[in-house]
Every structure is written in structure tokens, then in C-alpha cells.
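Take a look at the model below. We will walk through it piece by piece, starting with its sheets.

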Amino acid sequence: MQAIVHERFGGPEVLELREVAEPQAGPGEVRVRIVAASVNPIDWRIRSGSMRDRFPTALPAVPGSEFAGVVDQVGEGVTEVRPGDEVFGRTRTGAYAQYAIVRDLAAKPAELDWAQAAALPVAGATAERVLAELGLRAGETLLLHGASGAVGSAAVQLAGALGATVVGTASPANHDYLRSLGAVPVAYGDGLVERVREAAPQGIDAVFDVAGRGGLPESIALRGGTADRVLTIADTDAPQLHGVRLSAGGAASDRAGEDLARYARLAVAGRLRIPVTTYPLAAAAEAQAVSEAGHVRGKLVLLAP
């Protein structure tokens, strides 16, 4: 099969499209033919080598974990799906490929196209997890850094559904988009504290940093000098430098399939929308470079041949 592979750590140029052996579904496993695979910041952080201590990666490696595709092969004992079923979820093997072994899956509704389905799992699960860790409640105000990306977009909508107000930092080009999701947009950079106080005179109850590109000292100031209820998923130095907790996803949950199905229902109902920009699988290096540069609206998705 064709897959994107890197044999060493480094920049996007280490990614290559190659012919590799197809994975085979063992007992209890499901193999899918990938139609769409999403690009997440963790993909290029692992590729760069900066995450080797937290995510040991054997080389050569195929990046990616988020997919939408068609069940192609089922192992002994699998009864919940069969070949030909359209599904989406997370993979155990690299998703930047034509075939992968599934970790978590749910049925893909016909109303969702492949790229839209592939954009849901990580964004939905990450946003939901962090909002729960923050204990966000109706009537509170959330400051969300990096609000226009996939996780940020999901967090804006899920926080709004809880009855919270969201103030989201983003580049001015994404402000109208954030307003369309229900957030109050502010520009990041110098003067952030004053802009947020003007946008939210009621004060900030919790902070969710998706971007990892600064703003945590200002966030602590907006919280009255405390790092309580300030979380980041992207700044690995935050615990040491700012006393801010780094929130990381855990192992697969027994409820993962149910959660995926719920995100799909929300998406079909128009209550969880994540814009997508697509690239062919062969352009994975370009897509990762765009992701690494920042300012992405929604999700970048690779389409397999």
C-alpha cells in the first residue's frame, strides 16, 4: 500500500510517500481502507522529535491517528462491523496510509462527507475532555487561545452549548468566523489583557490554551494571579514556566465509540461544525508545514488515493 513515512526526525521534508506492507487484522481487530486522514499538531510534533520523551516513536513511522474510511477486513471474533461499513474514528497504526488498523470507531452518517467525519474525533474528544477538567458551567466565561483551529472550534461550540460565554483569541482574519460560532473574538499579542477585559468586563472564569503560542502569563493575570482553572494542551513548558497544568489525552475509553457517534449526531444537526481544507495524501509534508505555521481555520485533511 501507499503510505507517508519518515525514517528520521526533522522538518516536513523527512516525510515521503512510499510503498509499505499492508497491516493485517488480527483476532478482535478491524482494518479500514482510509478515505480521509486528518492532520493534527501532535503529528508534526512527533515528526520533529520534540515529543520523543513523551511519545517514544519507532522509526520508520507512519504519522496520524484520525480517519474516515470503509471497513475492509475483520479479525476473528469481530461482530459489530463488517466489510463495506463506512466508519470514522482513531487508528492503532498510522492513518496517513491507504489501510490502517482501527483503535476506536463509529458509523459514519451518510450526511457527513469523508473529510468532515475525519475532522471530528480528536477535536471533539479533546475539547470535551478539557472543558470537563476546567469544570466549565453555565453563566461562566471561558478564554480560549487558538479558537479558530479544529479543537478551538469544537470547544467554542461545546462551551456555548453548556451556556458559557467564550472569548476566543485568533488572527483578525478569523474573527468573523469565530463570531459565526458564537464566540467574542480578540486579537492576540501586545495589549491582550486590556482587550480581553474590554470584551469580558465580567471577568474570566477559566482559560483553555489550544495554541501553545504564548498568552499564559496574561491568562494568569486575567484570572487574578492564579493558574487555577488554566489548562494548556500545547505548551509543554507551561508547568515549569507558569505553573499551568498540561492536559493530555489518555488511553482508549470504553465509551469512545459512543462519544464518536454523539459527535457525528451533533455535526449532522449543525451543532458541531469544523471547516476542512483538503490535500492529497502525497502532499502530507505541505499540509504539516501549514499546520506548523499556525493560523489554520478548522482542520487539514489528507485524502487517500
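Predicted model: local features only at pLDDT ≥ 70, side-chain atom pairs only at ≥ 80, totals over all residues.

Residues are numbered from 1 along each chain as its sequence is written, and side-chain values use heavy atoms, with hydrogens and water left out.

Begin with the parallel sheet. Strands of a sheet pair through backbone hydrogen bonds, either parallel or antiparallel. Here 6 strands form an open sheet, in the order β9-β8-β7-β10-β11-β12, and the pairing is parallel. At the edges stand β9 (184-186) and β12 (245-246). Each has a single partner strand, so one side of each is left without a neighbour in the sheet. Two terms need their rules. Helices (H or I, at least four residues) and strands (E, at least two) are DSSP runs, numbered from the N terminus. Two strands pair if DSSP finds at least two bridges between them.

Now move to β10, residues 206-209. On one side, 4 bridges join β10 to strand β7 (residues 141-145), and the two run parallel. Leu142 has Ala206 in β10 as its bridge partner. From β10 the chain crosses through helix α7 (residues 216-222) to β11, and this β-α-β crossover is right-handed. That word has a rule: with the strands pointing away from the viewer, the path from the first strand over the helix to the second runs clockwise. β10 also pairs with β11 (residues 230-232), in the parallel sense, over 3 bridges. Phe208 stands opposite Leu231 in β11. Asp209 stands opposite Thr232 in β11.

Where do the side chains go? In a regular strand the side chains alternate between the two faces of the sheet. In β10, Ala206 and Phe208 point one way, while Val207 and Asp209 point the other way. All of them are buried. Buried means under 20% relative accessible area, exposed means over 50%, and partly exposed lies in between (1.4 Å probe, protein chains only).

Next comes β3, residues 30-39. This strand is mostly covered, with 9 of its 10 residues buried. β3 pairs in the antiparallel sense with strand β4 (residues 66-74), over 7 bridges. There, Arg33 stands opposite Val70. β3 also pairs in the antiparallel sense with strand β6 (residues 99-107), over 3 bridges. Val32 has Ala100 in β6 as its bridge partner. Another 4 bridges join β3 to strand β14 (residues 299-303), again antiparallel. In β14, Leu300 is the bridge partner of Val39.

Turn to helix α4. It has 13 residues and reaches 19 Å from its first C-alpha to its last. That is close to the 18 Å expected at 1.5 Å a residue. The expected span is 1.5 Å times one less than the number of residues. Of the 13 residues of α4, 10 are buried, so the helix is largely enclosed by the rest of the structure. Among the buried ones are Val151, Ala155 and Leu158. Just after α4, Gly163 takes a positive phi of about 95°.

Rolling a probe the size of a water molecule over the atoms shows where empty space is left. On a 1 Å grid over the protein atoms alone, a pocket is an open set of points where a 1.4 Å probe fits, with protein on both sides within 12 Å along at least five of seven lines; lining residues have an atom within 4 Å of a point. The second largest pocket has a volume of about 210 Å³. Grid points are joined across faces, edges and corners, and a volume is the space filled by probe spheres set on the points. α3 (120-134) and α4 (150-162) each supply at least two residues of its lining. That lining includes Glu128, Leu158 and Arg271. It divides into 7 nonpolar, no polar and 2 charged residues. Ala, Val, Leu, Ile, Met, Phe, Trp, Tyr, Cys and Pro count as nonpolar, Asp, Glu, Lys and Arg as charged, and the others, Gly among them, as polar.

Finish with the backbone. Most residues other than glycine have a negative phi, and most peptide bonds are trans. The peptide bond from Leu59 to Pro60 is cis, with omega near -5°. Pro60 sits in the loop between α1 (41-48) and β4. Arg229 is not a glycine, yet has a positive phi of about 65°. Arg229 is in the loop between α7 and β11, and is buried, with a relative accessible area of 19%. His295 is not a glycine either, and has a positive phi of about 70°. His295 lies in the loop between α10 (284-293) and β14, and is exposed, with a relative accessible area of 54%.
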